[in-house]
Amino acid sequence: MAAMTTVPSYSPSLWVRMCHALPRLDLTMQMRENIFVPDSWEYQQTLLVLSSLSAIALVLSLLVVLSFLIHYCCCHRGDRSEGSEDEEEDEDGSTGHGYSGKKGRGICCVTWVAVAAVTLCCVAIGIGFYGNSEANDGMYQLTSSLLTANYTLASIDLLISDTITGLQLSVSGPLITLEELFTGSKPFLVSARNCRRLSENMINLLSSISLARSSIDAGLGNDSSVSGASIIPLTPVPPSVAPTMVPTGGLMPSPFSPGWAANTLMVNEDYRWLSYVLLLLLDLIVCLFILLGLAKQARWLLILMTVLAWLALFLSWGSLGLETATVVALSDFCSDPNTFILNSTHFNSGTSSDVLDYYLTCSRRMNSPFQQLLTQSQRALSSIHTHLSSLDRNALPQFPKAEKSLRDVQQILNSTEGNFHQLVALLNCRGLNKDYIDSLKGLCYDGMEGLLYLCLYSFLSALAFTAILCSLPGAWRSFPSESEEYEDSDSESEDPFTSHQARRQTASGSQRGAMAPFYNYPGAGWTPPFSSAPPLPTPNVSSNGNPGYESLPLTDRQSPPPSYSPSMLTGYGGSQSHPNPAHSRNLYSR
């Protein structure tokens, strides 16, 4: 942490410090240091141990679900016999939905547990979407900072290569011509040779702050059409050796390249983001269809969602283990990133630790490691400019043919001086250090927060699916079978206004025997006035002599007989072909 105390605008967050403080155990259950060394097998063991906690939690979840399945499969067999003995008593106290008191309470409890678990899963899905977005924002900021740093390094490469190329062209072209023209004048010849030597010295100084490729020297000085874009870019030292051309291979290049890292991270982040979106959509679909299955009492749909819930349970615990290892490793890196970068061979290959420390910390108390080289180059440029000005004033009146070569050298010198000032500004630590701080903030702030939210999502969704798998078997067992639904639909189609208890009394009354119809008595030879009316049942006479139709259900007595007044009977009887009023009065007086 001593190195990070000098870095402005960055300090490890509270979550980073908490995760970094977690104890580390290897496979032999021995304590290990929490220093970020990803290439070490001991450090990898500590991450494996932390990831194995999710595997242990998965085993516990499977045991819990298995115990509930055994309970539903075995223990409920004895409840079936007891339920058949008490079926009549339960149905007498049932509600309009057909659920008894004890059974109804059990079904209601199981259903509400499933609904609560689905609600918890939906909350976890919302947290997962937010965490996935935060992690994506952090990685986007990281890759943007790396690309900006790579652009800065590419600009440094281009400026160095253009400056070296221009100086080489001036040495091999106009300055040699000036020496040939000033052969007869020693003062002018000395000035021309001094310009050529200073240009060569400046080329050496610029090459000392870059790692030139072997093919660059062969390409320099061929012709005047050579430019910085036509040669392989030089790789400056700060802050790491970073070629502008991104390698096509999948392995990490040595030395490290910010452009390669940015492209690799962008591709991997796209796959990671898409994977989490698909996982979240799978969980959301399972939750919605579980609610639909509970509402529609679709047993086949709940069975299908149970299979998908098993898959989601394994994916949740597996993602939690991967996220735990990633969070811990990231906290170890973010607690002291400078130490890892300074000690890593991928970053400091061919680069001194002073150069890396200068760009990582960018302290005002530290001098640039290129300060001496840049000062000497600036003095060389000033000396070349002084000699060219002297030749312009004194030599051109005597040697008019040297004007063209002198103007070419001055033009190259002006371009070189402009590139040099831009190079000095880019070699300052402020620009690259800002990109470094921005990348740390994106990775260690937004990225860390997003991963923590994803861990919370995985944990909550795993708990929710465990509860769902425990409650769904009890839910679909409470659903009526197809035969029961068919019988209920037949009975309800006869008379939708008849209660469940009245249908039971009807069934018990039909077992005691059918009652004689109203018109089936000895000596009855008269037919009802309306021949299309159905046969009427014989009424049960109560204690006070009144007919007891109220004791019969509506389905058994069908419809009550019509009532007629004496005047209606007299009028109706007169219109008949064989009127028999006495017989009619005797019939309805009974």
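Predicted model: local features only at pLDDT ≥ 70, side-chain atom pairs only at ≥ 80, totals over all residues.
Is Cys362 buried or exposed? Residues are numbered from 1 along each chain as its sequence is written, and side-chain values use heavy atoms, with hydrogens and water left out.

**Exercise 1. Classify Cys362 and Met29, then look at their phi angles.**

Step 1: get the cut-offs. Buried means under 20% relative accessible area, exposed means over 50%, and partly exposed is in between (1.4 Å probe, protein chains only).

Step 2: apply them. Cys362 has 16% relative accessibility, so this residue counts as buried. Met29 comes in at 54%, so Met29 counts as exposed.

Step 3: find them. Cys362 sits in the loop between H11 and helix H12 (371-394), while Met29 is in the loop between helix H1 (14-20) and helix H2 (41-85). Helices here are DSSP runs (H or I, at least four residues), numbered from the N terminus.

Step 4: check phi. Most residues other than glycine have a negative phi. Cys362, though, has a positive phi near 50°, and Met29 has a positive one near 60°.

**Exercise 2. Check the length of helix H6 (residues 186-208).**

Step 1: take the rule. The expected span is 1.5 Å times one less than the number of residues.

Step 2: H6 has 23 residues, so the helix should span 33 Å.

Step 3: compare. The end C-alpha atoms of H6 are 33 Å apart, which agrees.

Step 4: look at burial. Among the buried residues of H6 are Phe188, Leu189, Ala192, Cys195 and Arg196.

**Exercise 3. Find what Glu179 touches.**

Step 1: classify the residue. Its relative accessible area is 13%, so Glu179 is buried.

Step 2: list the contacts (heavy atoms within 4.5 Å). Leaving aside neighbours within four places in sequence, Glu179 touches Leu189, Ala192, Arg193 and Arg196.

**Exercise 4. Describe the largest cavity.**

Step 1: get the idea. Rolling a probe the size of a water molecule over the atoms shows where empty space is left. On a 1 Å grid over the protein atoms alone, a cavity is a set of points where a 1.4 Å probe fits but cannot get out, and lining residues have an atom within 4 Å of a point.

Step 2: note the volume. The largest cavity holds about 60 Å³.

Step 3: see who lines it. The lining includes Leu167, Cys195, Ser199 and Val409. Helix H4 (101-172), H6 and helix H13 (403-426) each give at least two lining residues, and the largest share, three residues, comes from H13.

Methods
1 Å grid on protein atoms, 1.4 Å probe; cavity = no way out; pocket = protein on both sides within 12 Å on 5 of 7 lines; lining within 4 Å. Points joined across faces, edges and corners; volume = space filled by probe spheres on them.
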